[in-house]
Each structure stands twice: as C-alpha cells, then as structure tokens.
Amino acid sequence: MTAVNLAADSAADTAVSHPKGTSLGANMLRLAWRSMDFRIGLFVFGLLITLSVIGPFVSNISATQFHIMERFLPPFPMVGSRWPHIFGTDELGRDLFMRSLIGLRNALAIGVTSVIGMFTLGCAVGLVAGYFGRWTDIILMRLTDAQMSIPVIIMAITILGVSRPTPASVVAVLVLAGWPVYARVTRSVGLAERQKEYVRAAKILGASDIRIMLLHIAPNILPPIAFVAVLDIARMMIFEAIFGFIGIGIQPPTPTFGTIIASGTQYLINAWWITAIPGLLLAISLGSINLVGGALERARNQLLQGIG
Amino acid sequence: MLKVRSLSVDLAVEGRIRPVLADISFDLHEREVFGVIGESGSGKTVLSRALVNWISPPLSITAGSVEYHGSNLLSLPAAEKNRLNGREIAYIGANPGGALDPTLPVGQQIVEKLRAVEPKVSTREAKRRVLSLLEAVRIPSASRQFDQFPFQFSGGMMQRALIVDALVSNPAFLVADNITQPLDVTVAAQILRLLRELQNDFRTAIVFVSSSLGFIHEIADEVLVLKEGRVAEQQPTAMLLRQPRDAYTRQLIKDVPRIWHASVKAPAATGTTAILTVRNVAKSYQARDRRFIFGHHQIRAVRGVSFEVMQGENFGIVGESGCGKSTLSRLLSRLEPVDQGQIVFKGKDVTHLSRRALLSLRKGFQLLLQDPYNAVPGHFHVGRTIEEPLLIHGGLRRREVRERALAVMSEVGLSQDLFHKLPVGLSAGQRQRVNIARAMMLDPELLILDETLSALDQVEQAKLLDLFEKIQKRHKVTYIYISHDLAMVRRVCTRIAVMYLGRVVELAGNHSLFFDPGHPYTFALLSAVPAIEDRPYRTEQYLLEGEPPDPIDIPPGCSFRTRCPMAFDRCAIDDPWLYRRGPSNLSACHLVDPAARPGGRLSSPP
Amino acid sequence: MIFALNFLLRRLAQGAVIVFLVAFLVFTLLRVVPGDPIRIILGPMTPPSVMEQTARELGLRDPIPIQFVHYLEQLAKGNLGHSFIRSRQGGSTGGSRGLTTFESQNRAAVSTLILNALPYSLQLAALGIGFTILIAFPIGLAAGLNAGRWPEKLALYISSAFVSLPNIWLGVVFILLFSARAGWLPAIGYKGFSYTILPALVLAVELSAVAIRAISVAIANALIENYVDVGRVRGLSRWQIIRRHVVRNASIPLLNLFGVQVIGMLLGSLFVVEYIFNYPGIGLLTINAVFERDFPVIQAIAILASAILVLVNIIVDFVATNVDRRLQY
C-alpha cells in the first residue's frame, strides 16, 4: 500500500480511490492531456496532417512533374530554380517537399485505415472468443498463434509481391498481420471483465450473453484499447514504408516514402538529401504519433494501477 | 521500554496539509499487549507505521518523539534506524498474502530475513531456528511447509508464518496492524491465542491495532482509543469496558453489535408454505492436478444441502470461507447449474429450466451481491442501471419504465437527482441502494442477500437493515441472508443454517442457535467470535485447532471430525445426517443421534 | 518431474499444430495468389508447352491439397525439397532451361541453401541482441528504479525516438554516415565480421525501443509490490530487496518479452535489414526467393521461423513456471 492509499484510508472516504470523470477512456484522455509530450505530439501531428492534406491542393508546385533542368538540387537552393524547393529535388527534378507531403498523406491513410480494420476484426474475434469460451476460444487462439508465427514481411511479400499492389491490398495485408494482437488483448481483458460483479448482476437479472457483451463489456474494455491503437498507426506507417522500399507497396508514380528512400539510395554519395530528408519527415511524424500514443498508454497504466 | 510523546503526523495532499495524527502519547511496557482501537479514518494504520519507521512522503512526522531505550527513534540517522528494523522492531500487517515474494519458498525468505538481521548466523543454524519456530506456531508438517510457496499457504497459516518471521529475531516489540481482519473467525481466534502464548516465551511487547473492540477485549491489557487522530482515552481494558470515561468511547462500546444481548427483530413466517425448497443440492468443480499428466482434482464445493425457506421469514446461512455458501448462492440464483439435487421455487421445479423459461421466473427471485463498487456498472448512469431489468424483460413502454425506476429510487432512499448521474461519486451505501433498487424493479418475492452488507460500516449496515425491513413489510418479501457476520444474522434472521465444508451442519431458530447450539462447530464459531459480552457457556472446551480440511481431501466419516474436540469412534466411520433436535431444529452430529430420541431423519443420504 | 513431462507433451503437441497450420497457410497462399509462378521461374519468353511441362514436373498443376500431402510426405522423410530456381552450382535459372535443369539432382537442396545462409544470420542476430542488451538494460534499469525522475524521462524519450526511426531510413543514413562519409565501417555484402556491425546496430535500435520500455515497466511494477515495502520493515536492505526479489519478479514479464516479442520482431526485421545491407543471410535468401517464386525455399523458411518461435515460446513459458510457481502454463 503506498502512502497515497494510506491517505485514502485516513480520509474515511473510500470513494477517493476511484477516479473522477466518466469512464476509463475519458480519464485516459484527461490524464494524458496533462503531460507535455502529449500536447507537443498532438500539435506537431496536427500540423503535419494539415500540411499533408491541404498542402498539395494549395501549392502550385507539383510532386510528379519532371524538371530536367532542376535535377539534384539540394535543399533551399538559392540559384537555379524558379520555386523554393525546401527539401531539394530528386533525380528527375521533382520537388521533394511535395513528394514527401503526398507520401505522408498516403502513409497516414494506409496507417489509419489498416489500424481501424485490425482493431475492428481483432476485437470482434477477441470478444467472441472470450465470451463464448471453450471451443470457439481454442480454435481462435490457435489461429492467432499460427498467424503470429508468420513474420509480416514474408506474408506481405508473398501476397503483394505477385500482383500489382494496390492500396487496398496493402491495407489488407497489414490488417491480416495486425489483428491477432487485438484479438488476444481483447480476449484476455474480456475474460477478466467477465468475472466482475456487474456482469454477474446483469446475468442474474436475466440479461442474455450477447446483451452483456455488447452493452456492458465492450464499452468498458474497448476505449483503452482503441486509444493505445494509436501507436499502431505509426507501426503500420513504418511497414508501409518498408513495403515501398522493397517495391511491394503502392507503385510509382504515386510518391511514397518507401519508394523515395529506395530510389535515393543510388545517389547517396552525391545527393544524400533525397533519402535523408523525406525520411526525417517520416521520422518526425512517427515521433509525434508515438508521443501521443505513449502518453495515452502511460495514462492507462497509471489509471489501472491506481484502481487495482 | 517505549515512550511515545506528542507524536504528530501530517499528510500533504494536493497542496494542502492535513493533520492525520496529533499529540499521541503513551507508554509501552515489556511483555505488555497494548491495544489501539479506532474506526477507519482514525489514523491507526499511520500510527502503527510511525512506530516502525515506515513513514514516507506525502506523510511526514511533524512533532513528537518515540523513545526507545533512551534514544529517540525518529531522530536517529538513517543507518541506525534501518538497523533496528526487523531486529528489535517487528511488524505484521493486514495483508498476509502480499507480504512475501511470491516466487520464493516461505522458509527460505524467513531465513533470508534472519541472516540479514543477524549476519553471524549460519544458514544451517538459521534454518534450524526457523523450523523450530514454525512448529511452535503449530503449522502442520513444518518441514514440508518450509519449502512451500506463499500462494500455497492459507491466510491463517501465512499469518502464523509471518509471526515466525517477526519473532525469529527476538524483537523488543511487535506492531500487529489489523492482522485478524482478513481471517475467518475461528482462525483469528487461534492466532490471538498463539500470540499470547508466544509473548510469554519471547518477552516481546505487542502493540495490537484493530477496529474490533471484541478482539481487543480478548488480547489487550491496556487500550488506547483513537479518535480522528487524537487520543480519546486510555485505560486498562477491563476498566475501559466497565467504566468508559470519554463520550466517544461510550458510543464505541454501545455500537459494538451484541450477540447474546442483542435486540432481535426477526419476522415470523407468514403461513406454512415454503417459498423455496432445496433438496440435496450438490456441486463440484474440476481443477488441474499438477501431479498427474491428465489428472484433475475434484473440489466438492457443495455436498448435499437441503432446507426450506418459509414465506415471509428471514433465513440466514452462515459459515466461514470454504464452507460453500458462495457456491450455494450461485446455485440458488441459477447462475450455475447444479450437479445433483433439486431447487423448487413456489412449487415449480427450477433446477433445469431453460434460459427462456427461467427469464420469466427471474422476476420472482433476485440476488444482491457484496461488492458495491463493482456490482454497479460505471458506464451507465444510475437511472439506466436501475431501469435495466425491466428493459431486459420487456413489456412496458419506456416512459412507464422510467416512472417506475424513479418511484423505486425514492423508496430505497435515493434522491431522484441521481437518475442522470454516473455512479462515480456515490458512496458504498448509496451504491448498494442502487443495487437494491435495481432488484426491486422486478418486484421479487424472494431476495438472496449474499454478503450484501459486508463491505459497509456499522452505521450504513444499520440503515440498510432498516430499509430491508421496510421493504419486507411493504412488499411481502422473503429474505435469505448469506453472511459470515454472526452478529448481523442474530439481529434479523428467523432461522439460521450453519455450513461447513459444503454441508449444512446445523439448522435452528435464532434463539436456539445462539443460546443452545446443537453442533460442535456452532459452539466453536460462537466461541471464536470476538465479543465483549460474556458467553452463556464455557468457551475453552470448544475452541478449534487447525484449519478446515481442503475441499479436495474431505476425510471419510464426519467431515468435522478432524477438528472436533468431542469426536469419538463412530465419527470416523459414519457421516452424520441432519438429525432432529427438539421440535424444529436440526443438527448433523452423532451426539444428537435419534437412536437416543424418537423422531426420524429429515434428509436422505446423498 | 511429472509436471515437466506433462507440460512438454502438451506444449509440443500444441506447437506441432501451429507449425502445421503455418505450413499449410504459407503453402496455400503461395499457390492461391493470382499469377502463375512458372512464368516468373522460366521467364515470359518460354513457350507455353514448355511451361506446362515444367509446371507438371515441379508438381504445380496438382490440386493444392494433393501438393500439400506430397509435401508433408517429403517433410516426414526429413527432406526440405529442392529449390525451383537455384542450381547446385549456385546460379539461378531465370529465363533458360536445358533438358536436365529441373531435375532434382541438379537443383540446390533447400537445406544446403539454408545452412549456408544461417550462420550469417545467426551472427547478425546475436550481435544485434548483444547491442540491444548493452543499450537497453542500463537505461531500462535506471528508469525502472527511479520512477518519476529524470532517468525515466530520458528512457522515455530515447525509446520514443528509437521507435520512430524506420529501419530502412536508419540503415541508409548509417551507410551514408559511417560508411560512405566517414569510412569507419563497411556496409554492403559480407567480407568479414565488421560487415555485421552496421546492420546489427540498426537491429539494435529497433529492438531497444521495445526493450527499454519493457524493462523499465517490469522493474517499476515489481518495485511497487507490497512485499518490497514490507521487506524494508522486516530488515532487508534496499539493495538486497532489489537484487534478490525485484529482479526476479520483474524477469517474468521480461522473459515473455525477450523470448517471444523480441524473437518475433527479430525474425521480421532481420529480413529487411539483410535486404538493405545486402547481407547474405536467411533474410536475403527469403526475399529473393519470393521475388523468384522459389516455393520450396519460402516454405522451408516459413516453417523454420514458426518452429523457432514456437520453441522459444515453450522454453520461455517453462522457465517462467519455474521462477513463479503460481503460473499454470
């Protein structure tokens, strides 16, 4: 018992140990908001999203048009170009900043969509396995075990390395790779929740299993999982970049981080900025997402320990 | 030996400073048992920690001294203070399960402590000392238990082991903070006896902190009453009980629930129909037996329970942990299916009803559980939680459901403003009222209260008992009270069943049970219960030894035989049924054999 | 003893099921995904009749369940099969074939290919894990012991930074800085041990991110347990408690981490890192095999990878149950 819990004991008010606010999810947000990195991360992330969505519309610099005269311009060139190329240009004279922004946009889209997909699929499977128990549970768990034993890369290259990969197939592969973890977590948390008294109370009142699952258990366990899923957006964005690098992601001429970095490796010695700077932008975006997600995860752990 | 002078401790919380203890002074003499009594919030835990140098931010000692053999413990340099811990000062807390590292054997950890505190002792010598102490505290098969892990120890055994851990270095004084709270009554009584015996051998002074005047009465020579961080009164125990000087103490004494001198408000049954009949109900669970490849243990939680509950009465079921009463409540409320036996509700056999058929019957009987915090879902607002039963069962329009919910809320004493609020800020008492309101929505005729009041303090308990009485008069409800609290059951129950290891061992009317018990286990329970009254019989011959046997290895013959002070040879062979005892009482003991009296057996053998 | 037997039998049986499932999944995936592998194996210029004949020889035209059964039979004899592409001498077919190119004895045995590549990967993995422990352990330990103070914040920032660095970018940047510019370390291919260092560093960054967090959380959680505080009152010194109890209890979640998650991550990242640095290990072998549609190699490696993961899982769980007897695996 920590000293703070002792204080609760002395306060003769046992309600002190329970948090203010509505639910675990809302409390997580509230607690996370208090930390500096959450706010910084949110700010940077918001900035980047806005740039990547609006930028290409607003600016008249093209991401795909070649400018043979302006190839291999380093960042912030003073001479030799009509437009300010903040990140420089690549081997075909294309503006790297715009390419990076569009790459970011694609990466985000894929990241968010795939996480939504794996969350939905995984949690649904996990809820069912956890609640209906025994055989459904065993089969589903073996399935997730098997799925988790196949490295993502192998699965990705196998599926995407054949046909021309589309954004949809990339998202599909990522969902396939990611759903088992959500299923497991949901299942174990769901099992624990099932033991709680309010579930028993509901059963005694006559509530059916489905009702309990949807109305009681899901609203309690899903929000914390959903918030921490933010971290997976960053992970999926990395995978997307890796796929692009190997050549099995979204195909050129659509700019993606992976393809930009990959094509830049050839010119590493002379035009290092082609690889390094877009990658830096990616790293910063990932960093901001990880700050946000990390703060949420810490908030959740703190709350769970405060209660339990 | 120990002089505490003007000790004060403050708590810094969210920028404000709040005094937790103010101006505490007392003396502790060698070989004395010094009791400290206070309600929750009085600061007694902080006091016990201050004595063993366990105060850290946000708590801080702001004034006073603790003089031990001349020097003030509080002003000693840290190295000196740490040297005293475990060596001359010992501490046992209320959480036996969490006190030791769960991954290492218990004996090894006690040896570790001994060698840390007395470095010159060799491992072999330390082990010898620990083993002899383990035997002294009557842990069975001490040498085997030495190598067992904490999770393999029951609560009572763990407290014994921790007593060994505390006394192995022969400390000058020992602080026992609420050590009996997590234990069953018969086990706690044994621990208290043990402490007294050991104290004589070890010459250790004991500071015994508790919130139960009954326990203090049993063990303490002198008592200090703590009220809101201050000393209210200090006297030798016997004098305190007879002539309390302070008004607070007087109130405290008055509030101790009496058993033999209680005012009993138990309703009589209205008529002769039984609203619930339970016949030979049994239930077992499987647990993996790690000793065999595919082996399983059979845990026989309930082994043939039969009784009838009459309409309008309050039926009590009491027992210690492991007796099967929680399993029984789950069986009665049909949360789990029975393995054997029959449950008849208002004439209808509900043992094997399908979920659908059961649904309509659920309106007839409901169950209220113990934990007020977890039984009320946190994600619905109060009104929705209360409305839920009628929403599940259907049939009424939304508006009607809401009106009924509001009406029920007023009836149980909840302000209607709470309807749209989330249960977050509610107190335990209010939450239980939400539970009651929810159950009452279906207008049940039978309510099973499974330790419903155990988590509440005395004041709230009293209020809720009054509420139950009110509801009973108005709605003609029958109650089944399942509890381990004998005092509460004495207050309100018409008839009481005592359970042990999955069986009912005695079933008697309220007065008979307490004044003329018919089973050795009942005698033992009543002897062990902490009370400040005199009991109507001599207690020494009924006190139990040892722990209840594992529900896995139930001994043949009478299951109580291994601990019964009055067992004789027939008890090892024959498993007694419930014999009649007097016109309406039953007892499962060969000493009450009908062969000596006319009248038949009530229940058939399992 | 009996318990150990019980445990092993059960888990090995379950593991076998998993490996079987994985084999089946990969096997089917390869054959079900659109596109005819023969086209890639032989190249688009080959006449259709030759393609058909080769396909039949390689068994690719049988129904998938039958192919799988044949494969299982083959596996049961301990034979991992022969590469579709690579010949004994080491070259690939890619676009040409003679009369005997596809006969078994002329194609490289998959087991040989794997055994040739394995030592390099093992070396890389070992060095990578070594670097990870060197980096993550001190930082994580300091963070866990000093919850709320600067070591924890530092650990947080370091692990957040590490997890935000994509390995592809980091690899290229390392090549740029340490190899191209500074010339300290060699980068591409393998001509000596020093070629392992850069790839191992990239691996270590990725793994450390997870390891730092896990170590600090495990230790911080173990520190707030009741018996830690009670231990002080019983007379044990802070260091005694940390050394003998905290580390022991913290190791249980860490075992799971290191065993399962790190190995799992390793398996994936190894492939990518080898590809970036053109390091001749299993990863490079696999990626090339996929691009070339060399089914037997892919299948064998997938089975191998999942078998390793399953075994590691079993070992980790076994050790965990010995450390903490409450666990029931």
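Two strands pair if DSSP finds at least two bridges between them. Strands (E, at least two residues) and helices (H or I, at least four) are DSSP runs, numbered from the N terminus.

The model is predicted: local features need pLDDT of at least 70, side-chain atom pairs count only at pLDDT 80 or more, and totals for chains, interfaces and linings use all residues. Residues are numbered from 1 along each chain as its sequence is written.

Q: Which residue in strand 20 of chain B stands opposite Tyr500(B)?
A: Strand 19 of chain B (residues 495–500) pairs with strand 20 (residues 503–509) in the antiparallel sense, over six bridges. Within strand 20, the residue opposite Tyr500(B) is Arg503(B).

Q: Which strands of chain B stand at the edges, each with a single partner strand?
A: Eight strands of chain B form an open sheet with mixed pairing, in the order 16-17-18-13-19-20-22-21. One side of each edge strand is left without a neighbour in the sheet, because each has a single partner; these are strand 16 (365–368) and strand 21 (579–581).

Q: What percentage of the 606 residues of chain B count as buried?
A: A residue is buried if 20 or more other C-beta atoms, placed from the backbone, lie within 10 Å of its own. In chain B, the share that counts as buried is 46%.

How values were computed: Chains are lettered from A and ligands numbered from 1 in the order in which they are written. A residue is buried if 20 or more other C-beta atoms lie within 10 Å of its own, exposed if 12 or fewer, and partly exposed in between; C-beta atoms are placed from the backbone.
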